[in-house]
Amino acid sequence: MPMQKIESRLELLAEELEADHLDQGGARPDGLTVFVVGASGDLAKKKTYPSLFDLFRHNFLTDHTIICGYARSTKSTADFRDQILPYLKGGTEEEKLAFLSKCIYRNGNYDSAEDVGNVFGELKQLESGTGCGKFNRLFYFAIPPSVFVPIGKSLKEAVIGNSHEDPNVGWSRLIVEKPFGRDSESFRDLSSAMSDLYTEDYIYRIDHYLGKEMVQNLVILRFANAIFEPLWNRDHIKSVTITFKEDFGTKGRGGYFDSSGIIRDVIQNHLIQILSLVAMEPPVAVTGDQDSASFVRDEKVKVLNCIDPVKLDDCVLGQYLAPEDGSEPSYTGDPSVPDDSVTPTFATMVLWINNPRWDGVPFILKAGKALNERKGEIRIQFKPAPGANRMFAGQEVPRNELVMRLQPDEAVYMKANVKSPGLKTTPVMSELDLSYAERYADEEMFDAYTRLILEVIRGRQATFVRDDELKAAWAIFTPLLHRIEAERIKPIPYDFGGRGPPESDQLLKSRGYYQYHGGKYTGRGKRMSMLGGP
């Protein structure tokens, strides 16, 4: 079907659905309007719309769904559909056309309640034409934080503020993208301005790392297996390392990255959220109870409040150089980055949790660009087996590790010591391995954004970040960030494609992390290697 003809499909939608708007019990089903703010931007094209398409083709969206993109750019709905079509992966051509028939585009200013009100006047007519009992409304802010408040005010004044008086409108929920400020003060200002408009139950602050399969599996692994929780403490665990590595640089986005750096961009949000799940106390409930979201987030906040601000002595900062072959520029070689920039593209830092469970255990957060591989993982290293060095005199006995591979190729594996093959009685490290790609080869592995948007539709807030979590997280990093910027602390240069500055390994060794150089994890069905360290 030509793209120009898709526009008419939306006009026919009400007629097509009117015949089946009653379910078996005679009740009118609810409809859904998704209002994507910033629809012409990269985030919406690459993540929001592909995730909505995934939900659509797997029947997680009601048939009575209208998706309206809204931005300042002037373009037709047909042109907009042409722009997002290449980003819709999977499914058939028929499914793509059916999804696009639900998508329209309108332009207007973010700070204009009149513009927003005019668009929703049109949307209300489309909603009423479907014959649904009520229409729920999901607002996705795929925009920078600088326009959160202007569009929030416009929506409050023109749409959401009086929606509770309209019997044809169900719930209203807002998805808000990071960054949530750049330090404690800016977050406090942004949070205060948003809370003046909306209560916390409206707001879903999305961190896509919380939607990753392995991150969501972490709570199950901890609390649904009797073998782990008794060991999950300072008596048995030597260190916890959470790693994020990318094998590419800023790819021409250096100007944007230079305003944030690796600490704000990755560590303060993605990695600290994972740390809170690893370290929190058992919540009262995870699912089932209507307060389960509060129970989980309460425990995350408690553990974050036990962490002192990170010290510069517990950090190594780096900035990548150009590779020897000249195929990529150095960080400061990017034309959009100042020549004298001291923004770190790599950081290793050690955090300490001051509570009875974790006192004295280093939590190591490591993130960097232009490194030797792309990897995200959680590595729990246990203490040495008591008496092992005496029993196996003269032999190096590696420490056990539990590793959760977040990306790529999700996996969980336990590094356990076994006898080496042959005639020697020598302990060697091997893996007890669960590779998701092989064990669940027939299961659909959804993108993190797809999973999180569905959680919003279902009204589950446990996998979203609450305001007091962000307040606690910023308190950990703000003093360090201010010192780096005030003193212009120069990061250590490191080779493009390497492991980062050697000082990082020296810091980890000094804080108790033991690295056994016996190879690299390759997964099931391949050579069972000895180690894939951080």
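Reader: How many bridges join strand S5 to S6, and are the two parallel or antiparallel?

Author: S5 (residues 169-177) and S6 are joined by 4 bridges and run parallel. Strands here are DSSP runs of E, at least two residues, and helices are runs of H or I, at least four, numbered from the N terminus. Two strands pair if DSSP finds at least two bridges between them. Before you go on: this is a predicted model, where local features need pLDDT of at least 70, side-chain atom pairs count only at pLDDT 80 or more, and totals for chains, interfaces and linings use all residues. Numbering starts from 1 along each chain as its sequence is written, and side-chain values use heavy atoms, with hydrogens and water left out.

Reader: Ok. What stands opposite Glu177?

Author: Ile206 in S6.

Reader: And what's the strand order in the sheet?

Author: It's an open sheet of 6 strands, S3-S2-S1-S4-S5-S6, with parallel pairing. S3 (103-107) and S6 each have a single partner strand, so one side of each has no neighbour in the sheet. On average, neighbouring strands are turned by 20° against each other, direction ignored.

Reader: Which strands does helix H5 touch?

Author: H5 (residues 113-128) packs on the sheet against S1 (31-37), S2 (65-71), S3 and S4 (135-141), at about 165° to S2. Contact means heavy atoms within 4.5 Å. Angles run from 0 to 180 degrees between N-to-C directions, with axes fitted to C-alpha atoms, for helices over the stretch in contact.

Reader: What about H6?

Author: H6 (residues 148-160) lies across S1, S2, S4 and S5, at about 165° to S4.

Reader: Switching to charges. How many salt bridges are there?

Author: The whole structure has 29, counting a Lys or Arg side-chain nitrogen within 4 Å of an Asp or Glu carboxyl oxygen. One of them pairs Arg137 with Glu127, closest N and O atoms 2.9 Å apart. Arg137 sits in S4 and Glu127 in H5, 10 residues apart.

Reader: Which element gives the most to the lining of the largest cavity?

Author: H7, with 4 residues. The lining residues include Phe148, Phe187, Met194 and Arg205.

Terms used
On a 1 Å grid over the protein atoms alone, a cavity is a set of points where a 1.4 Å probe fits but cannot get out, and a pocket is an open set with protein on both sides within 12 Å along at least five of seven lines; lining residues have an atom within 4 Å of a point.
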